[in-house]
Amino acid sequence: MWRQSFGLLGKSYTHDTTGSFLLGKWLHIPLYPVPLCSAVVDVAIQDYVADVASELIYQNKSHISTEVLFAFPLGPHMAIYSFQVRSEDANIQAMLQDEPQQLHKPLGGWENLEYLQNQSNYPGEMFACFLGTLSPGGEVVVTLRYVQELPRKPDGAAHFVLSPTLHPYTKHYAWNCLASKLPYSLLLTASLQSPRGVANVQANFALTPLIYTAQDRSTAQVSLAGSPPSHNDLELLVYFGDPPAVSAVVEKGDPGAPPGSLLGDPMVLVTLAPSIPEAVPGQHQSGEFIFLLDTTFLEHAQDSLLFLLKSLPLGCYFNIYCYGETSVGIYPQSVEYTQDNLTEAMQRIPPTGSSLDDTNLLGTLRSIYNTPRPRGHTRQLFIFMTRLPPDKEAIAAEVCRHRNSHRCFSFCFSKDSAALATALAKETGGEATYVSSDNSMTAVVLKCLKRALKPAAEGVFLSWTLPRGLQVEVLGGTPQSIFQDQYSLLYARIHGQAQDTTVAKGVMTLQYSLDGQDVTHTIEFPLCPQGDGRLAGHRLAARCLLERLLPEAASGSGDEPRHRAVEISLTSGIICPFTSYVGVRTSQRVSWYRGPLALLPPRQSLIPCQIVELRGSGRVSSCLPKTTWVPPGWLTAACESWLALRRLTRSIAALPQRGACSKACTPPPPSISSLKYADLTEFDWCSPILGRWSTEAIAECQELVALQNVDGSWALSSGLSSVLEINEAEIKGKMPGEVMEPSIWATVLAVTWLHRNDKFYQDVCELLEAKAVTWLCSRAVSQLDKCLEAASTLLGISVKPSVFRL
């Protein structure tokens with residue numbers, strides 16, 4: 001996997017072949033890394049959040065002066081809150097300001113950042129600051145602090161990866177990257193904290209023994225032992241006590257912050273991770289599935305809709321909206337998934353070529369949100385967009401307001417709608433998919449449906465018991481559902497004044513329903529927490545709150561959301577779209593006149609310092625298949641994590657011009673080009689891309705699928721014989737005598753026929769087959785072996801007995 005390290009980049013003054021002197025125009029002179037001499041990194045990990053403080057020393061080892069630029073790639077769930085630089089003649093500090101007011105503007109140097117923005121081969125967000133000129137042998141000391149949420153592994157471990165800038169071992173950065181010894185020193189210390197206790201630490205590098213700093217083992221410390229590895233990132237897996245369904249870490253507020261403010265109040269870091277067992281494919285399953293279709297989908301993907309509807313499980317609810325000038329669903333509200341309801345819904349879908357204006361997505365969403373969902377059924381939306389709606393900010397804000405009550409799977413057919421699709425999916429914990437070919441659509445949407453069918457803890461509810469006078473506010477609210485293999489990290493602010501100071505603990509209770517059974521978990525947490533004062537949880541809580549405010553502020557819902565976002569950003573140090581960085585450079589001036597050497601008052605100047613969006617070009621990573629092609633503009637939208645929402649406030653319409661493919665980029669294959677991301681938060685760039693699909697094969701399979709009943713069975717009919725290309729009389733004549741119900745024989749034949757090319761039909765028929773086999777096992781287990789033998793003989797297809805759970 002490609003890793004972007006950056007760090008300190010330099011550009012030296014050189015002469016061209018004509019002898020003319022180039023005055024440091026970055027657009028003409030390539031960048032090269034200034035060597036890192038040493039790095040001191042202090043990491044503080046509390047459950048699933050981390051605060052990283054680093055001091056980096058760079059030295060210009062060339063014999064000429066070098067203009068330098070510090071560049072730090074921003075990973076997902078990461079936010080910088082402090083940046084300072086010390087050099088031989090000046091200090092630099094990055095400060096946030098209210099962007100629209102533009103109180104302070106650097107006078108020059110923007111071309112330096114523009115060069116890096118245009119020349120990078122890979123997209124993403126990057127913090128960049130132009131530091132000026134570094135003389136030969138001169139040193140620069142960079143102090144950088146950032147916070148980030150840590151992924152939770154399935155076994156409950158917190159996964160920390162040190163930023164590549166702090167350990168730049170690759171050839172993109174270090175001179176001797178392939179040597180056994182790195183050209184820089186690294187001192188890494190990690191402080192670990194959890195009320196559940198620190199159980200174990202694993203790493204891909206040598207560690208010192210784990211030292212506990214509290215008797216109850218709630219805090220510990222570990223360090224890098226010896227030299228860091230020269231060929232891989234530094235990764236830590238921190239294991240706490242037995243991972244419960246709910247855990248809480250309380251972080252004390254900043255004593256210097258005003259009482260009652262976001263930073264001044266205690267913050268509870270809550271992790272919700274219910275244990276959810278696997279669901280048996282084809283069984284009854286709850287859930288509400290709503291499909292929002294536009295003109296393009298209706299005209300070119302009737303087969304995809306058929307496969308989607310037929311693959312739904314018994315026990316769920318469904319509805320279909322063909323959004324256009326009206327926002328009316330096929331049914332006034334979702335209905336139970338039955339044969340009659342599905343047949344009626346298919347008949348009510350507007351015919352292709354009907355006049356629909358696919359711009360009223362906002363009205364359709366509002367209509368859905370105003371409709372109550374069936375009790376005990378988790379709502380999931382499948383949204384198909386052919387182009388970017390004009391009211392994109394209002395759409396994002398509407399989805400954001402209801403983010404805790406549903407999940408979105410969004411499919412875009414054009415690069416200009418990619419950012420909106422990504423934002424809607426990310427905000428609700430769903431997935432976004434780019435579809436470039438009609439032939440690929442069926443396989444793509446069914447793959448998302450399989451993920452949507454994962455079981456979930458429903459009706460999630462948090463209750464709190466606190467001393468009188470204290471209140472709790474869960475920033476962003478609590479999700480109503482948590483799906484298998486997912487977890488939820490919440491930030492809860494405790495404010496007020498306790499009337500009874502003798503009560504030292506609070507109580508939190510998590511309640512949810514799993515397979516119709518009510519589940520309750522209760523934990524205690526301290527009201528007078530200890531801590532190192534680094535406020536990682538508070539800053540990430542501010543970032544979380546900013547995420548929630550952005551769509552509302554961007555949609556024009558008055559000035560209050562924007563003013564609140566600016567206040568939170570300036571007080572927490574976390575940037576938002578309404579604030580921007582400015583670099584303040586303080587130089588020490590020396591007087592050479594009027595007598596002895598004298599120091600004059602420091603002089604301040606402003607320098608470029610900002611978050612830069614790398615436009616990127618070419619391929620994503622060498623790990624992708626050679627045939628992989630990524631549409632221009634999609635990479636940028638995909639890589640941004642929460643910044644996809646941030647970009648909505650600026651200019652989504654400009655997205656198509658970003659991330660354009662270079663001349664070396666492989667042209668798109670003729671039939672499919674799709675790319676998906678699975679977790680909130682991140683793209684799985686190395687996932688295998690779905691192969692080409694034959695239009696004839698899909699159509700052939702579609703005929704059989706259209707005949708399947710919602711319970712998974714097939715009827716013995718002339719339509720089935722036509723698909724199997726066998727005379728109906730012959731089919732009836734070959735039916736085993738033990739079979740009392742013709743539909744059992746017909747269903748075995750249909751499932752066997754689907755397996756004539758296992759690899760080809762697996763992605764589109766797996767859910768259909770699961771329903772069919774479940775129906776068979778509930779009706780005729782004793783007859784299946786005879787039926788399978790007879791079906792294999794009649795069709796000339798060999799199928800393993802395990803397919804029928806024999």
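Biologist: Taking the expected span of a helix as 1.5 Å times one less than its number of residues, how far does α9 reach from its first C-alpha to its last?

Modeller: Helix α9 (residues 536–554) reaches 27 Å over its 19 residues, close to the 27 Å expected. Helices here are DSSP runs of H or I with at least four residues, numbered from the N terminus. This is a predicted model, in which local features need pLDDT of at least 70 and side-chain atom pairs count only at pLDDT 80 or more, while totals for chains, interfaces and linings use all residues. Residues are numbered from 1 along each chain as its sequence is written, and side-chain values use heavy atoms, leaving out hydrogens and water.

Biologist: Where is the kink in α9?

Modeller: The kink lies at R548, shortly before the proline P551, and amounts to about 25°. The bend is the angle between axes fitted to the seven residues ending at a residue and the seven starting there.

Biologist: And why is α9 called largely enclosed?

Modeller: Because 16 of its 19 residues are buried. Buried means under 20% relative accessible area, exposed over 50%, and partly exposed in between (1.4 Å probe, protein chains only).

Biologist: How many residues of α3 are buried?

Modeller: Eight of the nine residues in α3 (residues 302–310) are buried, among them D303 and K310.

Biologist: Switching to cysteines: how many disulfides are found?

Modeller: Zero in the whole structure, a disulfide being a pair of cysteine sulfur atoms within 2.5 Å.

Notes:
Helices (H or I, at least four residues) and strands (E, at least two) are DSSP runs, numbered from the N terminus. The expected span of a helix is 1.5 Å times one less than its number of residues.
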